[in-house]
Amino acid sequence: SHRCRLGDGQDSLKLDISELIKAEGNTRSLRKKKEGVHKVLDPGQLIVQQARDKVNKLVSEMEETQRIEMMRFQENLENNSREFTDKQQEEQENFSLKMEEEKNIFIRNQEIQSNRFFSELESCQYVFIRMQEEARQRFIQNEKLSLDHFKKIQSEQRQSFQFFNKGEEVAMSSLHQNSEDTETNKLPKILNSFPDVSDHVGRNSFSLPAPERSCSTDIENQ
C-alpha cells in the first residue's frame, strides 16, 4: 500500500510537470504571435518592446532552467522512491529471515526442553517403580520373617507342650511305679503279721476259725 501511494504521488507529479510544460509552450506561442504584431510599432514602443522581449527571454530561460531542474528533481524523486522501495523490500526480507531464524530457535529450544522434561518424567517414573519394588521386597521379607517367627513360636509351643506331656507321663509313670513298689513292700508285712499255718493247709483248714480260713484262702488265691 505504501508503494501504491508512492506510485500515485509520482504519477500526480508527472502530470503536474506535463501541464506546466504545456502551459509554457502555449505561453511561448502567444509571445511569438505578439512579437509579429509589434514589428510595425514606433521607436519608443520598440524600446519598450525590446525591454519586454529581454525580460521575456530571461523569463523563458529561467523557465527552461526550472523545467530542467524539475525534470532532474523528478528523476531524483523516482530514484529515491525506487531506492526507498528496494530498501524496504530488503528490510522486509531480512526481517522475515530473522523471524524465521527466531522461530527455528524457539522450536529447537522447545524440543530440547520437551525432551528434557520427558527424560525427567521417565527418571521419576523409574525411581518411583524402583521404590515400589524395594517396598514390595521389604514387605515380602517382613512377611516371611513374621511367618518364620510365628512358626518358631508354634514349634516352641508344641515342644513345650510335648515336653510337659512327657513330664506328666514320666511323673505318672513314676507315681504308678512308686505305688506298685509300695504295695509290693506292704505285702510281706501283711504276710508276716499272720502265723505260719502252711502245715495246716489242706489238712486242718476246716479246724481253723472262720477269719483265719478266709485269710488263708485269700493268700492262696494271690
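Me: Is Glu-83 buried, partly exposed or exposed in this predicted model?
Reply: The cut-off for exposed is over 50% relative accessible area. Glu-83 has 54%, so by that cut-off Glu-83 counts as exposed.

Me: And which residues gather with Glu-83 in a patch of negative charge, and where does Glu-83 sit?
Reply: Glu-83 has its place in helix H2, which covers residues 43-193. The patch lies on the surface. Gathered there with Glu-83 are Asp-86, Glu-90, Glu-91 and Glu-93.

Me: What pattern does the chain follow along the sequence?
Reply: There are 3 helices and 0 strands in the chain. Read along the sequence, that comes out as α-α-α.

Me: How much of the chain do buried residues make up?
Reply: Buried means under 20% relative accessible area. The chain has 222 residues, and the buried share of them is 5%.

Me: How many salt bridges does the structure hold, and how far apart are the closest N and O atoms of Glu-64 and Arg-67?
Reply: The structure holds 4 salt bridges. One of them joins Glu-64 and Arg-67, both in helix H2 and 3 residues apart, about one turn of the helix. Glu-64 is partly exposed at 24%, and Arg-67 is partly exposed too, at 27%. Their closest N and O atoms are 2.3 Å apart.

Me: Why are Glu-102 and Lys-98 separated by about one helical turn?
Reply: These two side chains meet in a salt bridge, at 3.6 Å from N to O. Glu-102 counts as partly exposed at 39%, and Lys-98 as partly exposed at 45%. They are about one helical turn apart because their spacing in helix H2 is 4 residues.

Me: Which residue does Glu-134 meet in a salt bridge?
Reply: Look in helix H2, 4 residues from Glu-134, about one turn of the helix. The partner counts as partly exposed, with 48% relative accessibility, while Glu-134 is partly exposed at 36%. The N to O distance is 3.5 Å, and the partner is Arg-130.

Me: How many aromatic pairs turn up in the whole structure, and is the pair stacked or edge-to-face?
Reply: A search of the whole structure gives 1 aromatic pair. That pair is Phe-117 with Phe-118, with 5.8 Å centre to centre and 65 degrees between the planes. Planes over 60 degrees apart fall in the edge-to-face class, so this pair is edge-to-face.

Me: Are Phe-117 and Phe-118 buried, partly exposed or exposed?
Reply: Phe-117 has a relative accessible area of 45%. For Phe-118 the value is 47%. The range between 20% and 50% is the middle class, so both count as partly exposed.

Key. Residues are numbered from 1 along each chain as its sequence is written. This is a predicted model: local features need pLDDT of at least 70, side-chain atom pairs count only at pLDDT 80 or more; totals for chains, interfaces and linings use all residues. Side-chain values use heavy atoms; hydrogens and water are left out. Rings of Phe, Tyr and Trp (its six-membered ring) pair if their centres lie within 6.5 Å; planes under 30 degrees apart count as stacked, over 60 as edge-to-face and the rest as tilted. Buried means under 20% relative accessible area, exposed over 50%, partly exposed in between (1.4 Å probe, protein chains only). Patches are made of residues with over 30% relative accessible area and no salt bridge: like charges are joined within 9 Å, nonpolar side chains (Val, Leu, Ile, Met, Phe, Trp, Tyr) within 5 Å. Accessible areas come from the Shrake-Rupley method with a 1.4 Å probe; for residues, only the protein chains shown count as cover. Lys and Arg count as positive and Asp and Glu as negative; His and the chain ends are not counted. The place of a charge is taken as NZ of Lys, CZ of Arg, CG of Asp or CD of Glu. Helices (H or I, at least four residues) and strands (E, at least two) are DSSP runs, numbered from the N terminus.
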